[in-house]
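Reader: Please give me a close look at one part of this model: the places where its pieces touch. Keep it brisk, and work through the contacts in order.

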Amino acid sequence: MLIKKLTDANGLPGNEGEIRSIIKEELEGHVDSMLTDRMGNLIVTKNAGKPGKHIGLSAHMDEVGMLVKRVEDSGLIRMGLFGLDPRILPSKIVVIGKDKVKGVIGTKPVHMTKADERAKAIELDALYIDIGASSKEEAEKSVSMGDFVYFDSEFTEFGEHKIKAKALDDRAGCGIIIEVLKSDIKTPVTAVFCVQEEVGLRGSMAAANRVSADMFVNLEGTVSADMPPNEDYEKVTVLGDGPALSLIDRSSVYLKEYVNKMTAVAEENAIPYQFRRTGAGGTDAGNYHTAHGGTPVIGVAVPCRYLHSPVSVMDKRDYENAIKLVKAFINKYGEEQ
Amino acid sequence: MAVNTALLKKVCEIIGPSGHEEHIRAAILEDLKGYYDDYKVDALGNLIVHKKGDGPKMMLAGHMDQIGFMVTHIDNEGFLRFSNIGGFDPFLLVSRRVVFANGVQGVIRCERLDDFRKDLSQNKLYIDIGACCGDCAKKLVKIGDIAVYSASCQVDETKVMTPALDDRLGCFIMMEALKQLKAPKFDCYFVFTVQEEVGLRGAKTSVYNVDPEYGIAYDVTLAFDTPKALKFPMKMGGGACIKIKDNSVLCSREVINLMEKAAKDNNIKYQLEILEGGGTDAGAMNISKSGVLSGVISVATRYVHSDAEMCAISDIEDSINLTVKVLEMGA
Amino acid sequence: MDTKKFVMSICDASGVSGYESEAAGIIKDAFAEYCDEVSIDRLGNVVAVKKGKGKAKVAFFSHMDEIGLVVLGLDKNGFVRFHQIGGYDQRTLLCQEVVIHGYSGEKVFGVIGIKPPHLQEPGDAEKSVKMSDMLIDTGYSEEKLKELVRTGDIITIKRKMIELKNEAVSGKALDDRACVAAMYECAKLLKDYNHDADVYFVATTQEEVGSMGAIVSTYNIEPDIGVALDVGFAKTPELKPSQCTEFNKGPVIEYGPNIHPKVADMFKEAAKEEGIPFQLEVYTGNTGTDARVVQVSRSGIASGLLALPLKYMHTSVETISVKDLKATGRLLQAFVKHLNGKDLEETLCL
């Protein structure tokens with residue numbers, strides 16, 4: 001399954017090569033051209049030069065995670081974080097670097113802690129990875145500074161229609177674009193698989209200057225808070241209610257005219273959709289809509305619970321409906337004059 | 001069958017904190033006359049009532065003792081200092097009325113404190129019986145005398161509210177079950193235990209002597225259905241509670257299954273109970289000798305260890321019925 | 001079975017206090033290969049006997065129960081509220097994958113979620129999330145979930161043991177199944193050895209909630225010497241030197257009021273005779289182990305306590321050294337050997 005392959009792979013900001021290779025392999029034979037720019041963004045064209053509106057698609061390849069910051073004399077490893085909440089680290093198994101060295105993140109035994117200590121978060125400084133090495137020298141035989149560290153989290157299907165995986169933000173978006181590019185769309189499309197979204201939307205800053213399209217659709221894995229005790233208005237998105245369309249966030253105001261085009265397509269094709277009910281967060285869309293004197297953008301996202309954790313959860317049906325929706329949108333508005 | 005609320009009221013209003021169970025024991029024995037094969041009172045004061053049955057030995061335990069106060073000092077002004085018998089929250093005690101075995105009434109008050117919220121502890125509390133001086137006080141009350149909450153037992157169609165529901169209610173359920181019992185498939189020992197509130201002591205000695213294979217304790221448990229309560233499952237009016245765990249025991253699955261089957265087969269309303277703290281006589285039975293397969297039937301009660309312990313009449317009825325059916329069903 | 005393979009098989013099994021049957025089954029079968037009798041008592045303890053010449057009874061106790069979680073109830077939309085059996089640090093539970101052992105017989109997968117950084121309020125990051133605010137996401141609708149899961153169902157962290165460098169292994173429930181495996185190692189070593197004492201290997205239940213299993217099994221066996229084996233705190237950066245012992249330096253022989261001094265001395269002598277590495281530690285109060293209840297069973301038992309150093313106790317990444325584990329097994333064998341030809345009455349005289 002494509003989404004399993006994409007989420008099992010690892011790609012920290014600035015280190016997206018593994019993801020890029022998978023995408024290139026998947027798209028081989030389905031597109032006209034593939035270009036990797038100096039930052040590592042992968043820019044793909046299909047149906048270039050054919051008649052129709054030129055629609056841009058974008059998703060980011062990078063994910064939140066950790067890397068090896070320092071190996072201590074004791075052989076214990078200190079880590080640096082990208083966008084992770086340190087509170088999710090204790091009591092986990094991690095895998096380090098290309099050799100996939102296993103390690104554990106433990107904590108002080110509960111017997112040695114007081115209640116007020118347990119009420120506070122454990123700080124990153126108090127955490128480390130233990131690979132069983134007894135010295136720095138021994139540890140450095142298999143681990144180097146800068147090595148990627150990821151959670152030992154298997155892609156799992158569970159419950160009703162649910163998927164648990166790491167990095168659904170934004171391999172879900174990558175997967176949607178791949179499926180769209182493999183389909184029989186007829187009009188010109190340029191897809192951008194960005195780097196470094198999680199460290200400040202940086203890959204798309206460069207990509208937006210290179211690619212000039214009539215409009216951009218940005219694909220994301222977005223926040224869901226549809227669990228108790230949250231009230232309906234606090235849920236942001238709800239799993240299973242369909243792809244979420246953005247109205248506003250910290251990086252973009254999505255022009256109503258274009259949002260309406262998307263909802264019209266959804267309704268014509270009986271695809272469920274919902275609106276993203278928060279203004280928080282930011283996406284690569286912000287860079288596209290302010291580039292080249294302005295480009296309209298639409299945000300389509302798959303709702304995910306526990307975003308930025310190794311146990312993110314999405315509903316397969318939302319993902320599949322997002323693919324359907326984007327395809328139908330291109331088929332309709334690509335041909336618009 | 002309707003719950004005999006007159007009897008319930010009677011057993012709830014007899015004074016008997018831990019170590020002082022003689023009156024309640026006499027009342028229970030008197031009431032059960034004619035319903036048992038034999039009985040004995042052991043060295044600690046447990047009342048062990050035997051009802052013969054065809055099957056393995058089963059001990060039922062409900063404790064007769066209640067929480068209370070013991071006078072430790074009488075000062076020259078006539079104020080009484082006291083030790084607690086069982087666990088109290090000092091905040092709940094301030095302004096509570098108490099009654100001594102000889103009928104003398106008093107009220108618990110607190111010394112003046114700079115910061116009541118921070119400084120309050122039990123040794124800041126005293127009992128005022130309205131005596132004019134130490135000598136007058138000593139004519140009414142002596143050091144070592146015991147008192148309990150003085151509130152009466154209030155019963156209406158749906159609820160009962162009284163101090164000492166913990167655990168006269170357990171005793172009451174056992175008494176009523178014994179009276180209704182036809183042909184038990186267990187050899188039943190109904191044990192009305194002493195000194196539960198100070199550490200399950202009566203259950204520990206009585207179970208050693210009875211040496212049963214199965215044990216069921218009867219007690220109140222906490223109801224979590226009041227505003228902003230933690231999300232534990234027990235609710236007042238939710239049926240008899242079949243305990244899964246508390247701080248003293250992980251109940252035997254065999255006994256839990258037995259209770260559930262009896263409840264389902266006979267359409268008796270029940271709920272499953274998980275309690276974080278707390279303990280019951282089952283904790284003592286479980287680890288006696290080679291181990292006793294133990295369970296608990298409890299009643300979800302609001303405001304436990306206050307003078308307004310409250311539970312639903314319907315839950316009492318369900319608990320009695322469940323007990324009878326379990327004993328008649330057998331292992 | 002290879003001892004490392006055995007410890008992996010029992011640690012991956014589930015056996016929360018009071019619900020040890022899955023682990024107990026594996027343990028019973030494994031010991032049957034090396035012992036004369038294996039039985040399970042009323043509270044679920046597995047008791048394996050390797051007969052000697054009947055001159056004395058020595059019992060080793062290692063608990064097979066693990067800490068775990070229990071379903072409190074179902075919330076809207078397929079979420080599960082839970083509570084604990086035994087003591088977790090709530091901070092080790094976020095984003096764990098779990099298995100709910102449903103009353104339906106079905107094992108239901110779930111994850112314990114966390115509010116994503118995007119939605120957190122200022123100050124949230126400094127506080128830990130309370131267990132009472134955590135939820136397990138099962139991915140099921142409430143209606144479907146009701147058929148699978150209910151109040152009282154046991155929950156375990158989904159974890160398979162892994163191997164680290166230097167013969168270290170990490171997993172859940174190494175507290176105290178690592179010591180069950182040490183007893184297994186001893187049983188293997190004693191297979192063809194003639195010893196005076198009858199040796200009882202007891203995998204106890206409910207240690208994490210008050211050593212209920214050890215209370216009952218000690219009463220039943222009534223041993224002359226009862227030795228508890230439990231994991232101890234191995235050195236990690238957050239512990240003070242006085243709180244821990246060394247990792248990979250052998251088992252720890254404990255001294256203190258909860259331990260019969262002659263029993264501890266004999267362990268020390270036995271270790272020296274056989275050249276087994278060991279460490280010493282003193283416990284000033286009641287140990288939080290089965291030794292606490294073994295000592296005061298019946299009319300008093302000569303009690304001993306060995307500790308196997310373990311890192312990150314009560315997390316799902318508890319870590320021990322297989323070298324320490326095997327040395328502990330060898331020490332138990334050496335102890336049994338050491339008792340040969342000894343008059344216990346005299347040896348244990350205080």
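Author: Domain bounds here come from an automatic or database domain assignment. The model itself is predicted.

Start with chain B. Its assignment gives two domains. Domain 1 of chain B is made of two stretches, 5-66 and 163-329. Domain 2 of chain B covers 68-149. Where do they meet? Domain 1 of chain B brings twelve residues to the contact, and domain 2 of chain B brings eleven. Look at the domain 1 side of chain B by class. Five of its residues are nonpolar, five are polar and two are charged.

Chain B also touches chain C. This contact takes 16 residues from chain B and 21 from chain C. Three elements of chain C each give two or more residues to it: strand β4 (68-75), strand β5 (79-85) and helix α5 (212-221). Of these, α5(C) has the largest share, with five residues. By class, the chain C side holds nine nonpolar, nine polar and three charged residues.

Stay in chain C, but turn to a contact inside it. Helix α1 of chain C spans residues 3-12, and helix α2 of chain C spans residues 21-32. Two packed helices are described by the angle between their axes and the distance between the axes. For α1(C) and α2(C), the angle is about 155° and the axes are 8 Å apart. The cut-off for roughly antiparallel is over 145 degrees, so α1(C) is roughly antiparallel to α2(C). The crossing of α1(C) with α2(C) is right-handed. Which residues of α1(C) and α2(C) meet? From α1(C) come Phe6(C), Ser9(C) and Ile10(C). From α2(C) come Ala23(C), Ile26(C), Ile27(C) and Ala30(C). By class, six of the residues in this helix contact are nonpolar, one is polar and none is charged.

Finally, chain A, for its overall form. Chain A has nine helices and 16 strands. Its C-alpha trace spans about 70 × 45 × 35 Å along the principal axes. A compact globule of 337 residues would have a radius of gyration near 20 Å, so the 21 Å of chain A agrees with that.

Terms used
Residues numbered from 1 in each chain as written. Chains lettered and ligands numbered in written order. Predicted model: local features only at pLDDT ≥ 70, side-chain atom pairs only at ≥ 80, totals over all residues. Axes fitted to C-alpha atoms, helices over the stretch in contact; angles between N-to-C directions. Helix = DSSP H or I, 4+ residues; strand = E, 2+ residues; numbered from the N terminus. Parallel < 35°, antiparallel > 145°, perpendicular 65-115°, else oblique. Left-handed = near helix turned anticlockwise from the far one by under 90°. Contact = placed C-beta atoms within 7 Å. Nonpolar A, V, L, I, M, F, W, Y, C, P; charged D, E, K, R; others polar. Rg over C-alpha atoms; globule rule 2.2 N^0.38 Å.
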